[in-house]
Amino acid sequence: MKCIYCGTPLASIDYCSGCGADVTILKRIVRISNLLYNEGLEKASVRDLSGAISCLKRSLKFNKENVDARNLLGLVYYETGEVVAALSEWVISKNTQPENNAADLYISKLQANKNKLDTINQTIRKYNQSLTYCRQGDEDMAVIQLKKVLNQNPNLIKGYHLLSLIYIHQQEYEKARKLLRKAAQIDNTNTTTLRYIHEIEEATGIGTNLNRSKKLRRPEKKAEEEKTILGPTTYMSGNDMIIQPTTFRDSSTAATFLNIFLGFLLGAAVVWFLAIPANTRKINQSANQQVTDANTKLASETAKVDSLTAEIEEYQAKIDEANQTMTAAREKADGYDILLKAAVEYLGGNQTAAGTSLADVNADSMEGNARSLYDLLASGVKSTMFSAAYNEGATAFASGDYTTAVEKLTRATEIDETQYDAWYYLAFSYFNLGDSANADKIFAETIRRFPAYEATLKPYMADQTVLGSTAIQQETNADGSAAVTEETGAAETNADGTPIQ
């Protein structure tokens with residue numbers, strides 16, 4: 001044991017000879033860890049593996065550097081079929097104490113047998129596949145996989161539990177009871193094993209004897225019985241061995257027929273208990289192989305279907321992309337037609353009609369000369385376009401159609417960002433719709449553009465912290481004085497500041 005502060009080996013005194021630290025609690029913790037290790041060792045020696053795991057884990061909680069406890073925990077895990085968990089504990093133990101560690105022997109023996117490692121990996125994959133089959137309701141395939149798992153790793157308690165649970169669900173209680181007896185022989189205090197056995201006993205009304213001990217006869221008595229049954233009786237007379245031959249009697253006719261009858265019964269029993277089960281097992285194996293082949297073929301066909309489905313989805317995506325391209329091209333062509341119509345109306349002197357037509361053009365779809373023509377027409381009919389969008393939005397606002405008002409007034413603010421009335425009605429359209437987030441955003445933007453109206457608009461904001469994230473900047477003239485934007489036709493408000501509808 002070393003001091004946790006300076007690493008100096010500790011003596012029998014209660015303080016460190018190197019740094020003088022009080023190590024009373026440290027020694028007590030180590031003693032508790034060793035006590036739990038001894039308790040876990042006692043439980044492991046009587047096949048109480050669950051109790052041993054619990055004690056050893058508690059021992060490592062007190063002293064994670066207790067190498068003996070960690071190595072024993074790995075052995076217990078290995079005994080229950082948890083080879084991966086055992087290997088993890090041994091690797092940690094090896095890293096804790098690189099020299100003179102029994103974990104070296106365990107790891108080297110496990111790694112020396114490559115077939116054993118491959119078998120362990122296969123059992124893990126098959127066990128996980130069995131869990132997947134159970135979740136999918138394919139219990140027959142799960143039973144086949146679990147039988148293979150237990151054949152390769154007969155100590156895997158989890159495999160016994162899962163297979164017995166399947167048998168319990170299928171009401172094959174005796175098969176489940178047999179499996180649970182084997183699990184109890186590995187770990188006789190496993191709570192899951194005992195709970196499943198209790199459920200079987202409640203379902204069948206028959207108790208389960210988990211006692212593995214059998215009465216062993218003394219060798220002397222066994223030898224005497226063999227002498228009595230198999231050969232003549234012998235005994236010593238002084239230094240001489242007297243051999244008394246067995247008495248031979250001729251059997252009667254009735255005894256002969258009885259022996260013949262018993263021979264027929266014995267032959268029938270041999271056929272019934274040996275030949276028929278072997279034939280049944282062969283038939284079951286053939287049926288299981290057919291099921292496996294059918295599932296393999298089904299999986300192959302399913303993979304082909306999935307491949308074809310993916311190919312169809314790929315072609316469908318290409319068709320959708322082509323349709324989108326065609327739609328975009330059609331919309332672009334329609335935009336060009338509307339743009340030419342607006343140009344004709346503008347050249348004819350009808351700016352109102354030109355502005356109305358130009359409002360239906362998607363400016364982002366215009367390119368090259370078409371965009372230049374759109375910008376030229378937009379600059380010429382900007383006021384007309386703004387008036388049209390603003391009037392429609394204001395009319396919708398007055399009639400209570402706030403959704404349409406939002407759409408039209410948003411268009412108006414995009415055409416001309418310097419008009420206070422459009423921003424004003426747009427903010428209150430969102431406000432009347434109950435959209436506080438967008439209303440606060442538009443209020444903040446309006447205050448940023450028109451600081452003079454901050455006192456009027458700010459009381460209607462639900463979250464006034466939006467103003468803090470939007471810097472209010474005031475435009476200035478060339479000489480640095482504040483520029484005042486002239487507003488005409490400002491929206492009238494009630495006494496409380498809401499717009500007059």
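# Exercises on a predicted model

The lining of the largest pocket divides into eight nonpolar, eight polar and nine charged residues. Here Ala, Val, Leu, Ile, Met, Phe, Trp, Tyr, Cys and Pro count as nonpolar, Asp, Glu, Lys and Arg as charged, and the others, Gly among them, as polar.

This is a predicted model, in which local features need pLDDT of at least 70, side-chain atom pairs count only at pLDDT 80 or more, and totals for chains, interfaces and linings use all residues. Residues are numbered from 1 along each chain as its sequence is written, and side-chain values use heavy atoms, with hydrogens and water left out.

**Exercise 1. Describe the largest pocket: its space, its lining and the elements that supply the lining.**

Step 1. On a 1 Å grid over the protein atoms alone, a cavity is a set of points where a 1.4 Å probe fits but cannot get out; a pocket is an open set with protein on both sides within 12 Å along at least five of seven lines; lining residues have an atom within 4 Å of a point. Points are joined across faces, edges and corners, and a volume is the space filled by probe spheres set on the points.

Step 2. The largest pocket holds about 1,000 Å³ of space. It has 25 lining residues, and the closest to its centre are V143, K147, Y167, K175 and N288.

Step 3. Two or more lining residues come from each of α7 (139-152), α8 (157-169), α9 (173-186) and α12 (253-347). Helix α12 gives the most, with eight residues. Helices (H or I, at least four residues) and strands (E, at least two) are DSSP runs, numbered from the N terminus.

**Exercise 2. Find the largest cavity and say which residues line it.**

Step 1. The structure holds one cavity of 30 Å³ or more. The space in the largest cavity is about 40 Å³.

Step 2. Its lining is V83, K116, T119, I120, T123, Q152 and N153. Two of these residues are nonpolar, four polar and one charged.

Step 3. Helix α6 (residues 114-136) supplies the largest share, four residues.

**Exercise 3. Is R70 buried or exposed, and is L210 buried or partly exposed?**

Step 1. Take the cut-offs: buried means under 20% relative accessible area, exposed over 50%, partly exposed in between (1.4 Å probe, protein chains only).

Step 2. R70 sits in helix α3 (residues 67-79). R70 counts as buried because its relative accessibility is 10%. Leaving out residues up to four places away in sequence, R70 touches L60, K64, E89, W90, I92 and S93. Contact means heavy atoms within 4.5 Å.

Step 3. L210 lies in the loop between α10 (191-204) and α11. Its relative accessibility is 31%, so L210 counts as partly exposed. With residues up to four places away left out, L210 touches R181, A184, L194 and I197. L210 and I197 are 13 residues apart in sequence and 9.9 Å apart in space, C-alpha to C-alpha.

**Exercise 4. Where is confidence lowest and where is it highest among the helices?**

Step 1. Start with the whole protein. Its mean pLDDT (the predictor's confidence in each residue, from 0 to 100) is 77, and 80% of its residues reach 70 or more.

Step 2. Confidence is lowest in helix α11 (residues 219-230), at a mean of 44, and highest in helix α17 (residues 420-433), at 92.

Step 3. Check the stretches below 50. Residues 243-250 have pLDDT below 50, with nine contacts beyond near neighbours in sequence. Over residues 470-498, pLDDT stays under 50, and the model has 46 contacts there beyond four places in sequence.
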